[in-house]
Amino acid sequence: MENKKTEQENKLADARKTINEVDAALAKLFVQRMDAVADVIAYKMEHGLPVFDPVREKEVLVRCGDAIDSDAYRPYFVSFMENVMEQSKRYQRSVLFDGTVGYQGTEGAYAQIALSKLFPSHRAQAFETWQDVFEAVMRDEIGCGVIPFENSYTGEVEEVLDLLYRYPVSIREIYDLKIEHCLVAPQGASIGTIQEVVSHPQALKQCGGYIKSHGFHATAYVNTALAAEHVAKEADLHKAAIASKETAERFGLSVLAEKISESAQNTTRFIVIAKQPANAGNHFSLLFTLRHDAGQLAAVMQIIAQHGFNMECVRSKAVHDVPWQYYFYVELEGDASSEQAKQLFCEMQVRCTTFRVLGVYYKS
Ligand SMILES: O=C(O)C(=O)C[C@]1(C(=O)O)C=C[C@@H](O)C=C1
C-alpha cells in the first residue's frame, strides 16, 4: 500500500515536472509570438488596419487544429489558441490606443465592463454623458471611447447615432457584450423580502416579464451600477437592483436571481470611437443626407445595390437643427477599400448633399 502510494506520488511529481518544463517552453514561445504580434501592430498602425482580422483568425485556428493528432485534445487546443489571439488583440489595442479610454457611467456599468474586456490594461476614465466622451476624443484627451450603440432586445441607442452624426469621429471596432442581468440585493434579503426594484429604464424593460411575474414595483435609476450602489447604501431588504454579477460583487450585494432578461440572447453592441479611421474591415457604415426630391433615397439604394454591397441596416433620423431634414445611416457588408467601394463613394458624393464614411470595421 505504502509502496503504491509512493509510486503514484512519484508519477504525480514527474507529471508536474513535465508540466513545469512545458510551461517554461510555452512562456518563451509566447514571448516570441508576442514579439511578432508587436511587428504586426506596428504595420497595422502605419496602414490604418484594424486589430481584429477574422479571416486570419480562422486560418490560424484551422491550421492549429490540423496540427493536433489527438481528437480528444484538438478542441481544447483550438480554444487555447482562441484565447492566445484574444490576449494578442488586447495587447495590440493597448499599443494602438496608448493612454486612456473613456466611457459614460460609473465603475461597474456595462460600458465599463465592455471597456475592461477590450482594454484590460488601459486607464478607464468615466464621463457623465456620451457627449462628454465624444468631446474628449475630439480634444485628444483620450485615445478612444467605448459607447453602447444598440441592444438586441430594445434596439438602437438613439442619442448615440445623433452624436456620431454631429462629431467627426470614426467607428473603429465593434464589440458585442452578452448582458446577463441579475437581481441583486443587500445581504440578508431574499426574493420574498423584495418589493421594489431599481435600475436603468432599459434594464427594467429588458427584465419586464420577471418584474411583473414577481409583482415588484419598478423604479428608474440613472444606470445599473448607480442603482446597485444605491441599494447597497440603503441596505433595505425590500429593495433590489438589476445589475451585472460583477457589479453586485463590487458593491458587496448578493445575487438573488441570475439571467432574468426576457431574451436569453440579450446582447449590447458597443462601438469604439476614435479620431483616426481604420482602413480595412469586412463591414462599413455610411452617413448621408439627401435633397428633398422624389426618388432620392431610392436612387441611393439603387447605387448601393448596383455595386453589389449587401445592406444590413438602414436608419433615418431627424437632423436636430434643421426642421424636416433627415439623415440616413447604412451599414454595408464588404471591403471599403475595394475599387467597387471607391466607385460607390464617388457616386454617392455626387448624389448626396452630405456624405461620410462613418466607420470601417470587422464584424464576425
Ligand atoms: O495577424 C494579425 O493580423 C494579427 O493581428 C495577429 C492575430 C494573432 O494573434 O494571431 C491577432 C489578431 C487578429 O485578429 C488575427 C491574428
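**Fold and ligand shell of a predicted model**

The protein has twelve helices and 15 strands, where helices (H or I, at least four residues) and strands (E, at least two) are DSSP runs, numbered from the N terminus. This is a predicted model, in which local features need pLDDT of at least 70 and side-chain atom pairs count only at pLDDT 80 or more, while totals for chains, interfaces and linings use all residues. Residues are numbered from 1 along each chain as its sequence is written.

The C-alpha trace spans about 95 × 55 × 40 Å along its principal axes. Of the 364 residues, 33% are buried; a residue is buried if 20 or more other C-beta atoms lie within 10 Å of its own, exposed if 12 or fewer, and partly exposed in between, with C-beta atoms placed from the backbone. Two residues are in contact if their C-beta atoms, placed from the backbone, lie within 7 Å. Among contacts with a separation of 6 or more, 73% join residues 24 or more positions apart.

The UniProt record (unreviewed entry) places the feature "domain: Chorismate mutase" at residues 6–96. UniProt positions are given in the numbering used here, feature names are shortened, and annotations may be inferred rather than shown by experiment. This span is 86% helix and 0% strand, and its end C-alpha atoms lie 53 Å apart.

The ligand is surrounded by Val37, Val40, Phe52, Asp53, Arg56, Glu57, Val60, Met85, Ser88, Lys89 and Gln92. A residue is near a molecule if its C-beta atom, placed from the backbone, lies within 6 Å of it. Helices α1, α2 and α3 (74–96) each supply at least two residues of this shell, and α3 gives the most, with four residues. By class, the shell has five nonpolar, two polar and four charged residues; Ala, Val, Leu, Ile, Met, Phe, Trp, Tyr, Cys and Pro count as nonpolar, Asp, Glu, Lys and Arg as charged, and the others, Gly among them, as polar.

The annotation "binding site" in the UniProt record (unreviewed entry) covers Arg16, Arg33, Lys44, Asp53, Glu57, Ser88 and Gln92. These residues span 77 residues in sequence and the farthest two C-alpha atoms are 39.9 Å apart, so they do not all gather at one spot.

Two of the annotated positions can be followed further. Lysine 44 sits in helix α1 (residues 2–47) and counts as partly exposed because it has 19 C-beta neighbours inside 10 Å. Leaving aside residues up to four places away in sequence, lysine 44 touches Leu49 and Val51. Glutamate 57 belongs to helix α2 (residues 54–66); with 18 C-beta neighbours inside 10 Å, glutamate 57 also counts as partly exposed.
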